[in-house]
Amino acid sequence: MYSNYFNPEVETLSRSEIEALQLERLQKTVHHCMNNEFYRKKFAETGITPDDIKTLADVRKLPFTTKQDLRDTYPFGMCCVPMKDCVRLHSSSGTTGNPTVILHTKKDLDEWANQVARNLWMVGLRPDDVFQNSSGYGMFTGGLGFQYGAEKLGMLTIPAAAGNSLRQIKFIKDFGTTAIHAIPSYVTRLYEVMKEEGVDPRRDTKLKVLAIGAEPHSEEQRKRIEEMMGVKAYNSFGMSEMCGPGVGFECPEQNGMHFWEDYYIVEIVDPETLEPVPDGEIGELVLTTLCREAMPLLRYRTRDLTRILGRTCPCGRNHIRIDRMRGRSDDMIVLRGVNIFPIQIEKILMKFPEVGTNYLITLTTEDNNDQMTVEVEVNEGTDDFAKLKALSEELRHQLGDEILLKPRVRLVSKGSLPVSEGKAVRVVDKRKVYQ
Amino acid sequence: MTIPQLSIFIENRSGTLIKVLDALKEANIQIVASTIADTAEYGIYRLICSEPMRACEELKKANVAVALSDVFAIEIDDQPGRAAEAVKLFSEAGISITYMYSFLLRGKGVLIFRTDDGEKAAKVIKDNNLKSIDEAALALWA
């Protein structure tokens, strides 16, 4: 019979064993970083040498790494191995300047797949399961990340990608899909279409597990999804900077996501003081990679706000448990799995003299779909309705190209939106996903 | 042949129209005729007024999105059928009327309209000796 664990030797380590392994890997990682000029310079500036890392707590001596560092060293400036050893590149869309690039060696990809496989095994999936990955592919790491992980576990894996719900439902029925990975709003959408088609997920499918992530959602939303589909839905955490999905995942206890501490050092810090906060208190998630070859990241500021729930678990895994994300310490919006910065909206509006640069983004949930509405002020009068219509269409189109999903555009009166000076409210989030 | 008209962007929200009217009141501008065309989210408030240039400046100062444009204004007798006769001349010439509104002034009817072909429309007015109103005439009324 199968074990309960995919990597029993590391999943069931005691706390002290985990910490000993982390120290060993941290020292190795810091030494490895010295292969790269960016890190050598950064270490020299802070007066740190790899030999200063004597205990796990010494991780706090290391400088933080930020998204800006990744942008500044675009494209390959933070690579710590010869480029010939890199086999994969993932890149962000490049929001306010250079995109961020993450490189992987063969081993990095294998370790990434291992984390995903470990997660899926943890929630009961085995090689005889059928895994349908209804997530975007391409640069979005939720696609290939889950693909490789599910294959590593040994499941029949269907790269269904996002969209085309009728085809998704046909796959689920015809191929005997037992597990789906998708963003939560897409699961809801899928259910709506099932209902229209007279498909009852309990009666007509073999589904037993849902993996949901990449989009903020509340506990109520999760429960609603579980009730609709009649199966458990497990929260997944990933970010492309760390590899993608795999970093953290809920076990059957559904009491926080286990972050794999053989792969990462997890810190929660006060985003202002950058000092650690006590367990249970909300702060910014900071991650240090411990197994990465191509692009190790030291104390990477994720900007995600969350808290530590505990370090032990009835499931037998003593890897740290992290709460669902509670928000951001910057102004990034996560909508339908897409990361959006308000500055991107601003950048596009600047190109249109017909509208002002003040704007208001409102996020709502309608029919279980998250929507973005951008309100902009009409600057110039016109006698022509066609011009106004063309203006809002063109805005919608260009914003859509920039942020990768088409928002609604609402033209409003001049002077009716908050002004751009000071701390104007730019984003009104009515999705209530952060509870 | 044409008179200046103000076109103002009006969002469908309470308070937006009064902002415009208050600004005109402050500037002591007399409205001669006005109309609002609406869509689901916004409308265009079109108006003919005294001192249109100054009105436009004052509205801009009050942070109102306003444009000045020229529209045709023709005078017709205040009797049944006169508007039909006038419009027929344009339709027979293959000209579309984009929008039109009308009002009564000193016992005469006035049609304000925009067409899809200004040059052709001007020729129709000239050829048929329609009585058009210009800014000077407008200034006398207001």
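This is a predicted model: local features need pLDDT of at least 70, side-chain atom pairs count only at pLDDT 80 or more; totals for chains, interfaces and linings use all residues.
## A walk through the two chains

As for its length, α12(A) runs over residues 385–403, which makes 19 residues. From first C-alpha to last, α12(A) reaches 27 Å, close to the 27 Å expected at 1.5 Å a residue.

Follow the chain out of α12(A) and you come to Leu404(A), in the loop between α12 and β20 of chain A. Leu404(A) has a positive phi of about 75°, although it is not a glycine. Is Leu404(A) buried, exposed or partly exposed? With 17 other C-beta atoms within 10 Å, Leu404(A) is partly exposed; it would take 20 or more to count as buried.

Now move back along chain A to α7(A), which spans residues 165–174. Here the buried residues are Gln168(A), Ile169(A) and Ile172(A). An arc of only 95° around the axis takes them in, which puts them on the same side of α7(A). Leu166(A), Arg167(A) and Asp174(A) are exposed on the other side of α7(A). What do the buried residues of α7(A) pack against? Their partners are β3 (130–133) and α8 (184–196) of chain A. Just past the end of α7(A), Gly176(A) takes a positive phi of about 65°.

The axes of α7(A) and α8(A) are 10 Å apart, and the two helices pack at an angle of about 80°. The two are therefore roughly perpendicular to each other. On the α7(A) side, the contact uses Ser165(A), Leu166(A), Gln168(A) and Ile169(A), and these meet Arg189(A), Leu190(A), Val193(A) and Met194(A) in α8(A). Sorted by class, the residues of this contact are five nonpolar, two polar and one charged.

Ala162(A) is buried, with 20 other C-beta atoms within 10 Å. Setting aside residues up to four places away in sequence, Ala162(A) touches Ser134(A), Ser135(A), Gly136(A) and Tyr186(A). Its C-alpha is 9.1 Å from that of Ile183(A), a residue 21 places away along the chain.

Chain A has another crossing pair in α5(A) (residues 106–122) and α6(A) (residues 141–153), whose axes come within 7 Å and cross at roughly 70°. That angle makes α5(A) roughly perpendicular to α6(A). Leu109(A), Trp112(A), Ala113(A) and Leu120(A) are among the residues that α5(A) brings to the contact, and those of α6(A) include Phe146(A), Tyr148(A), Gly149(A) and Leu153(A). The whole contact divides into eleven nonpolar, three polar and one charged residues.

One more local detail in chain A: a cis peptide bond joins Tyr74(A) and Pro75(A), with omega about -5°. Pro75(A) is in the loop between α4 (67–72) and β1 (86–91) of chain A.

That leaves chain B. How many residues of chain B are in contact with chain A? There are 16, and they contact 15 residues of chain A. On the chain B side, the elements giving two or more residues are β1 (2–11), β3 (42–49) and β4 (66–77). β1(B) gives the most, with four residues. By class, this side of chain B has eight nonpolar, five polar and three charged residues.

Finish at Asn63(B), in the loop between α2 (52–61) and β4 of chain B. Its phi is near 65°, a positive value in a residue other than glycine. Asn63(B) is partly exposed, with 15 other C-beta atoms within 10 Å.

Terms used. Residues are numbered from 1 along each chain as its sequence is written. Chains are lettered from A and ligands numbered from 1 in the order in which they are written. Two residues are in contact if their C-beta atoms, placed from the backbone, lie within 7 Å. Ala, Val, Leu, Ile, Met, Phe, Trp, Tyr, Cys and Pro count as nonpolar, Asp, Glu, Lys and Arg as charged, and the others, Gly among them, as polar. The expected span of a helix is 1.5 Å times one less than its number of residues. A residue is buried if 20 or more other C-beta atoms lie within 10 Å of its own, exposed if 12 or fewer, and partly exposed in between; C-beta atoms are placed from the backbone. The arc is that of the directions from the helix axis to the C-beta atoms. Axes are lines fitted to C-alpha atoms, for helices over the stretch in contact, and angles run from 0 to 180 degrees between N-to-C directions. Angles under 35 degrees count as roughly parallel, over 145 as roughly antiparallel, 65 to 115 as roughly perpendicular and the rest as oblique.
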